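Here is a briefing for a first look at this structure. Please keep the sequence and the model in view while reading.

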There are 2 protein chains.
Amino acid sequence: MSEAVRAPQQDRSRATRQRLLEAAVDSLADVGYAATTVAVVAARAGVSRGAAQHHFPTRADLFAAAVEYMTEVRLAEIRAAQLPAGPGRTEAIVSLLVDVYTGPLFKAALHLWVAASTEEPLRAQIVRLEERVGRRAHRALLDVLDVSERTPGVRETVQGVLDMARGLGLADLLSDDSARRRGIVRQWSRILDQALLAPGV
Amino acid sequence: MSEAVRAPQQDRSRATRQRLLEAAVDSLADVGYAATTVAVVAARAGVSRGAAQHHFPTRADLFAAAVEYMTEVRLAEIRAAQLPAGPGRTEAIVSLLVDVYTGPLFKAALHLWVAASTEEPLRAQIVRLEERVGRRAHRALLDVLDVSERTPGVRETVQGVLDMARGLGLADLLSDDSARRRGIVRQWSRILDQALLAPGV
């Protein structure tokens with residue numbers, strides 16, 4: 001097969017894969033784990049079930065790849081965001097982070113985590129996924145905050161912010177928590193600024 | 001019926017109810033929402049299914065009452081705890097709080113919240129429950145920290161700590177996160193002490 005023929009096929013294959021990953025996250029977030037079968041995701045993506053199974057041998061493979069891919073996309077957006085300099089920068093960063101944890105990606109991950117907690121071998125696969133995405137989110141937040149975890153206390157300070165963001169995501173699952181959340185993001189951004197000035201206190 | 005006969009019956013009824021509530025939380029935490037039927041809870045509590053249905057007309061009633069009851073028990077324990085005075089007090093409080101969010105009660109609530117997110121009318125019932133238990137936890141934490149939310153910033157500072165605890169609970173769902181958690185609790189207790197000294201900063 002010539003290069004000219006192969007390249008468009010690879011593009012199509014990549015686009016199909018991407019549609020499946022996006023559809024998997026959206027479906028998990030909307031209807032939960034039990035209702036998100038491979039057939040449902042394939043239909044949502046406008047892809048045949050056979051094509052879906054060609055890309056992802058198991059449902060767990062599809063879900064893990066979907067959460068990992070969308071995490072990369074969301075973290076890349078945060079890294080590329082136009083952030084204000086000086087005061088307001090930390091709050092802008094924390095807001096962007098918390099937006100991720102209150103969007104479909106977090107809801108999808110939550111359904112997956114809870115399903116995995118009572119279902120082997122999904123649990124083992126999701127534990128590995130959780131480690132990877134946790135490390136990437138931690139690294140991205142260190143980078144955009146422009147702090148180093150070689151400074152004592154910074155690592156734990158930043159990890160606590162990620163945990164707070166997770167908690168805010170959970171609090172937004174059943175009802176719109178945005179008003180309460182805004183106040184917390186503002187206050188914790190101030191606290192974070194102070195804490196990062198003297199992290200080893 | 002004489003008082004002498006009625007009182008022991010009321011005691012037995014209260015004990016039965018309590019065993020059902022504890023069994024419901026333990027079952028939700030262990031096997032999740034779908035597998036926690038009223039029959040499973042009744043068997044776990046050593047109570048007949050009929051008796052369980054006498055106490056709780058629906059499965060949602062049982063689960064909501066169970067999470068509310070166990071929240072009261074756990075918060076009462078925190079309020080009654082012997083806490084060190086001076087340095088170390090805040091860390092002791094945050095540790096106790098985080099212990100609740102990494103125990104069976106939080107896991108049970110998490111299964112219930114996630115199930116409710118795709119299931120009406122459970123959702124509406126759990127939204128009301130979430131508001132009540134959220135308010136009680138917030139009030140208990142203000143009280144044991146001995147701070148007032150009339151001071152600007154205190155409300156949001158303390159709410160953020162509850163959200164961080166929720167996030168730490170989620171991070172402990174699939175694997176033992178205690179080592180990472182210890183460092184975060186220590187660091188954020190220091191930060192919280194500073195923040196509560198100058199909450200409006």
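How does R74(A) count at 26% relative accessibility: buried, partly exposed or exposed? R74(A) counts as partly exposed. Buried would require a relative accessible area under 20%, and exposed one over 50%. The model is predicted. The points below cover its aromatic pairs, a recorded region and its salt bridges.

**Aromatic pairs**

- Over all chains, the structure holds 5 aromatic pairs.
- One of them joins Y33(A) and F63(A) edge-to-face, with 5.7 Å from centre to centre and 70° between the planes.
- An angle over 60 degrees counts as edge-to-face, and under 30 degrees as stacked.
- Y33(A) sits in the loop between α1 (3-31) and α2 (38-45) of chain A, while F63(A) belongs to helix α4 (residues 59-80) of chain A, so the pair ties together parts that are 30 residues apart in sequence.
- Y33(A) is buried, at a relative accessible area of 13%.
- F63(A) is buried too, at 0% relative accessibility.
- In chain B, Y33(B) and F63(B) form an edge-to-face aromatic pair, at 5.7 Å centre to centre and 70° between the planes.
- Y33(B) is in the loop between α1 (3-31) and α2 (38-45) of chain B, and F63(B) is in helix α4 (residues 59-80) of chain B, so this pair ties together parts that are 30 residues apart in sequence.
- Y33(B) counts as buried at 13% relative accessibility, and F63(B) is buried with a relative accessible area of 0%.

**Charges over rings**

- In chain B, R59(B) lies over the face of Y33(B), and the distance to the ring centre is 4.2 Å.

**A region from the record**

- An unreviewed UniProt entry lists residues 37-56 of chain A as "DNA-binding region".
- In the model, that span of chain A is 75% helix and 0% strand.
- The end C-alpha atoms of residues 37-56 of chain A lie 12 Å apart.

**Salt bridges within a helix**

- The whole structure has 34 salt bridges over all chains.
- R14(A) forms one with D11(A), and their closest N and O atoms are 3.5 Å apart.
- Both R14(A) and D11(A) lie in helix α1 of chain A, 3 residues apart, or about one turn of the helix.
- D11(A) is partly exposed, with a relative accessible area of 45%.
- R74(A) and E77(A) meet through their side chains in a salt bridge of 3.0 Å, N to O.
- About one helical turn separates R74(A) from E77(A), because they are 3 residues apart in helix α4 of chain A.
- E77(A) counts as partly exposed, at 43% relative accessibility.

**Salt bridges between parts**

- The side chains of R136(A) and E72(A) form a salt bridge of 2.1 Å, N to O.
- This pair links distant parts of the chain: R136(A) is in helix α7 (residues 122-145) of chain A and E72(A) in helix α4 of chain A, 64 residues apart.
- R136(A) is partly exposed at a relative accessible area of 32%, and E72(A) is partly exposed at 34%.
- A network of salt bridges links R79(A), R139(A), D143(A), E149(A) and R155(A).

Definitions and conventions. Residues are numbered from 1 along each chain as its sequence is written. Chains are lettered from A and ligands numbered from 1 in the order in which they are written. This is a predicted model: local features need pLDDT of at least 70, side-chain atom pairs count only at pLDDT 80 or more; totals for chains, interfaces and linings use all residues. Side-chain values use heavy atoms; hydrogens and water are left out. Rings of Phe, Tyr and Trp (its six-membered ring) pair if their centres lie within 6.5 Å; planes under 30 degrees apart count as stacked, over 60 as edge-to-face and the rest as tilted. Helices (H or I, at least four residues) and strands (E, at least two) are DSSP runs, numbered from the N terminus. Buried means under 20% relative accessible area, exposed over 50%, partly exposed in between (1.4 Å probe, protein chains only). A charge sits over a ring if NZ of Lys or CZ of Arg is within 6 Å of the ring centre and within 35 degrees of the ring normal. UniProt positions are given in the numbering used here, feature names are shortened, and annotations may be inferred rather than shown by experiment. A salt bridge is a side-chain nitrogen of Lys or Arg within 4 Å of a carboxyl oxygen of Asp or Glu.
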